Amino acid sequence: MDISGRHEEDGEYLMVAAAVHAVIDSTRIRSVEGMGFAAVREGPTLDATVALTAEAVGDLPEPPDGPVVAEGGEFYEEPAERIGLSFRPEFKYVESIGERETVQAAHHAAYAARDLLL
């Protein structure tokens, strides 16, 4: 998952989260099973970011079998164990190239969706 728009523009915020449900191996994406999106015009607090992410994950066509994966910066470098309390089946930060590729796909999707909403 990834979030675009955590900065103020013209006195307001528009954060868009994209969740990508993908089948991966350690080095690449094998297939994309679906995408989920959520948007909010709230400032980028930790609680707002977690709630937005949970909404995007909940928007996936099917719940993921594996963990929700993100870059540490998305959640202000909070420990994965703390963030994981809000997600099922589990949450973790990027560890493999395949996970990084999936987060990169989510980044492009979130950025594009945000551009469409502006």
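The legends below cover close-up views of a predicted model. Numbering starts from 1 along each chain as its sequence is written, and side-chain values rest on heavy atoms, with hydrogens and water left out. Local features need pLDDT of at least 70 and side-chain atom pairs count only at pLDDT 80 or more, while totals for chains, interfaces and linings use all residues.

View 1. Rolling a probe the size of a water molecule over the atoms shows where empty space is left. The largest pocket has a volume of about 390 Å³. A pocket here is an open set of points on a 1 Å grid over the protein atoms alone, where a 1.4 Å probe fits, with protein on both sides within 12 Å along at least five of seven lines. Grid points are joined across faces, edges and corners, and a volume is the space filled by probe spheres set on the points. The lining comprises 19 residues, where a lining residue has an atom within 4 Å of a point. Val20, Ala22, Gly66, Pro67 and Val69 lie nearest the pocket centre. β2 (15-24), β4 (68-70) and α3 (97-117) each supply at least two lining residues. β2 gives the most, with six. Helices (H or I, at least four residues) and strands (E, at least two) are DSSP runs, numbered from the N terminus. By class, the lining has 13 nonpolar, three polar and three charged residues. Ala, Val, Leu, Ile, Met, Phe, Trp, Tyr, Cys and Pro count as nonpolar, Asp, Glu, Lys and Arg as charged, and the others, Gly among them, as polar.

**View 2. Threonine 102 in helix α3.** Threonine 102 is buried, at 11% relative accessible area. Buried means under 20%, exposed over 50%, and partly exposed in between (1.4 Å probe, protein chains only). A polar atom of the threonine 102 side chain lies 3.0 Å from the backbone oxygen of glycine 98. Residues up to four places away in sequence aside, threonine 102 touches Val20, Ala22, Ile24 and Ile29. Contact means heavy atoms within 4.5 Å.

**View 3. Glutamate 99, also placed in helix α3.** Glutamate 99 is buried, with a relative accessible area of 9%. A polar atom of its side chain lies 2.6 Å from the backbone nitrogen of glutamate 95. Not counting residues up to four places away in sequence, glutamate 99 touches Ile24, Val69, Lys92, Tyr93 and Val94.

View 4. The structure holds four aromatic pairs. Rings of Phe, Tyr and Trp (its six-membered ring) pair if their centres lie within 6.5 Å; planes under 30 degrees apart count as stacked, over 60 as edge-to-face and the rest as tilted. Phenylalanine 75 and phenylalanine 87 have ring centres 6.5 Å apart and planes at 65°, so this pair is edge-to-face. Phenylalanine 75 lies in the loop between β4 and α2 (80-83), and phenylalanine 87 in the loop between α2 and β5 (91-93), so the pair ties together parts twelve residues apart in sequence. Phenylalanine 87 and phenylalanine 91 have centres 5.6 Å apart and planes at 25°, so they are stacked. Phenylalanine 75 is buried at 0% relative accessibility, phenylalanine 87 at 3% and phenylalanine 91 at 8%. Ring pairs link Phe75, Phe87, Phe91 and Tyr93 into a cluster.

**View 5. Threonine 27 in the loop between β2 and β3 (29-40).** Threonine 27 is partly exposed, with a relative accessible area of 46%. Leaving aside neighbours within four places in sequence, threonine 27 is in contact with Ile97, Gly98 and Glu101. Threonine 27 and glutamine 104 are 77 residues apart in sequence and 13 Å apart in space, C-alpha to C-alpha.

Terms used: A polar contact is a pair of N or O atoms within 3.5 Å; within protein, one must be able to donate a hydrogen and the other to accept it, and residues adjacent in sequence count only if both atoms are side-chain atoms.
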